[in-house]
Amino acid sequence: LSPSLRALSNAWTYGTDGVALREQDGRDIILTPVDYLGRGLTENALLSEFKPVQCSPLTIFSWVCRSSGPGAISLQGGATPSKPLTPSIVRKAVLRAARYLMLRQEKSGRFRYEYDPCKDGIVEGYNMVRHAGVLWALLRLYKSAKDERLLQCSLRGTKYLIQQLERDGSCAYLGRDGRSVLGGTALSILALLNLPPEHKTAKMMALSRALGKGLLSLQHSSGAFYITLADQKAGRLPNPTPRFYPGECLLAICQLWRQDNHDRWSLAARRAAHNQITNFRQNGTTCHWSVQGLVEVGDILHSRPILGAASDMVRVLVARQCSDLNSPLLGSWPTSIGAPTACSAACRLEALGPALEAIRSLDEPVADLENIMLRATQFIISQQFCEENSFLLPQPKEAIGGIRRTPHIFAIRMDINQHAIAALLNTLTLLHQRPCLAAALREESQQG
């Protein structure tokens with residue numbers, strides 16, 4: 001680092017302090033480092049275009065633009081990515097996200113759970129639900145990338161996952177006595193079923209079936225799922241509006257149905273689909289996992305009503321996306337924590353990929369959803385640390401490839417990368433199918 005930036009790096013409180021920028025029209029705006037570094041301004045551009053001025057009460061450092069006239073940089077309108085969105089750009093982001101996870105896997109098979117790049121600190125703790133989700137994402141990527149390192153990383157992680165499973169008669173569970181038993185068990189099924197054929201042994205299939213029976217032991221006759229085994233044993237009715245886990249269960253059971261054609265999976269999937277559609281119609285309950293599960297059921301049964309429900313659900317799920325071309329939050333969604341998160345964008349993009357195919361089969365228009373996918377992709381990639389936007393961090397190489405939680409919270413957690421990998425794989429599929437879309441979006445962005 002240059003002396004100027006080294007001094008700045010030592011003084012900055014990451015994620016909390018911003019930079020006060022005075023625009024040419026006299027307006028003052030507050031931005032955090034990655035807000036402008038992530039917009040294509042390199043170290044040289046930063047030093048040449050801005051100079052330190054007296055500190056304001058709001059920030060440690062204030063900056064004013066040196067440039068003036070027609071060629072001056074306009075940071076307020078600089079949210080458009082500096083590089084066009086192409087399959088190559090998206091592919092690099094996917095591989096960078098996967099490499100971050102692979103390089104931070106322990107010998108045991110566990111992954112680094114959370115990292116604070118501002119303090120160069122590892123956050124203690126672990127989450128096996130997210131461990132299983134990471135395996136599912138990496139194995140899906142392996143199907144297209146065919147990188148032996150991805151496979152070996154996934155196999156180590158799978159071995160660790162299997163060691164954590166608990167058997168109860170013919171059933172198996174991940175996190176048997178906890179409140180995440182549904183999600184952990186479902187994602188374990190998805191991980192095991194996505195192993196390449198040479199590793200999907202009879203033993204692995206038997207384990208997948210045992211996990212599936214574990215999910216079925218938690219299913220109510222209505223098609224809903226008890227949150228815990230204790231709830232099931234006590235006869236406490238399932239929550240009619242749960243989040244995430246029932247959708248994961250539906251998707252996992254559908255995958256079992258495809259690979260292990262048995263009536264038990266068919267009946268369970270039909271019941272779960274009916275229950276989740278009913279909850280959506282009556283209570284407005286939406287979930288990106290449910291969308292993926294409904295698409296699977298609708299595809300297996302060739303059911304237009306089920307695919308139609310998936311279409312309706314995904315349109316509710318992706319409503320309220322920021323579409324302001326001059327906003328740094330372009331492509332994001334508001335969240336319960338206030339700031340938009342990369343994870344919320346990635347989860348929606350996960351659902352949009354399979355939903356697009358279903359909606360096309362219904363002869364419904366999808367142009368608006370394609371644009372939503374591409375804008376979400378831009379937002380996710382803008383939250384990823386790379387060489388160009390991490391040089392102010394204490395250990396830049398430790399952050400590269402990681403995807404920060406929000407534009408102002410730099411924490412990198414393994415499940416954010418997991419969802420981003422799955423989401424960006426959907427974007428790659430779309431761009432290969434419709435190469436004209438990237439050019440159209442680039443033209444729109446330039447106009448903005």
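Me: Which residues does threonine 341 touch, not counting residues up to four places away in sequence?

Reply: Contact means heavy atoms within 4.5 Å. Leaving out residues up to four places away in sequence, threonine 341 touches Thr335, Phe379, Arg405 and Thr406. This is a predicted model, in which local features need pLDDT of at least 70 and side-chain atom pairs count only at pLDDT 80 or more, while totals for chains, interfaces and linings use all residues. Residues are numbered from 1 along each chain as its sequence is written, and side-chain values use heavy atoms, with hydrogens and water left out.

Me: Where does threonine 341 lie, and is it buried or exposed?

Reply: Helices (H or I, at least four residues) and strands (E, at least two) are DSSP runs, numbered from the N terminus. Threonine 341 sits in the loop between helix 13 (304-317) and helix 14 (342-361). Buried means under 20% relative accessible area, exposed over 50%, and partly exposed in between (1.4 Å probe, protein chains only). Threonine 341 has a relative accessible area of 11%, so it is buried.

Me: How do the axes of helix 5 and helix 17 cross?

Reply: Axes are lines fitted to C-alpha atoms, for helices over the stretch in contact, and angles run from 0 to 180 degrees between N-to-C directions. Angles under 35 degrees count as roughly parallel, over 145 as roughly antiparallel, 65 to 115 as roughly perpendicular and the rest as oblique. The axes of helix 5 (residues 128-145) and helix 17 (residues 414-433) come within 9 Å and cross at roughly 30°. The two helices are therefore roughly parallel to each other. Residues making the contact include Val134, Leu138 and Leu141 of helix 5, and Ile421, Ala422 and Leu425 of helix 17. By class, the contact has 8 nonpolar, 5 polar and 3 charged residues. Here Ala, Val, Leu, Ile, Met, Phe, Trp, Tyr, Cys and Pro count as nonpolar, Asp, Glu, Lys and Arg as charged, and the others, Gly among them, as polar.

Me: At what angle do helix 4 and helix 5 pack?

Reply: Helix 4 (residues 87-103) and helix 5 pack at about 130°, with their axes 11 Å apart. They are therefore oblique to each other. Val94, Leu95, Ala98 and Leu101 in helix 4 meet Val134, Leu138 and Leu141 in helix 5. This contact has 7 nonpolar, no polar and no charged residues.

Me: What joins strand 7 to strand 8?

Reply: Two strands pair if DSSP finds at least two bridges between them. Strand 7 (residues 165-168) and strand 8 (residues 171-174) run antiparallel and are joined by 4 bridges. Aspartate 168 has cysteine 171 in strand 8 as its bridge partner. The strands form a hairpin with 2 residues between them, and glycine 169 in the turn has a positive phi of about 70°.

Me: Which way do the side chains of strand 8 point?

Reply: In a regular strand the side chains alternate between the two faces of the sheet. Cys171 and Tyr173 point one way from strand 8, Ala172 and Leu174 point the other way, and all are buried.

Me: What is the strand order in the open sheet of 3 strands?

Reply: The order is 6-5-9, with antiparallel pairing. Strand 6 (121-123) and strand 9 (412-413) are the edge strands, each pairing on one side only. Strand 5 (residues 114-116) is joined to strand 6 by 3 bridges, and tyrosine 115 stands opposite isoleucine 122 in strand 6.
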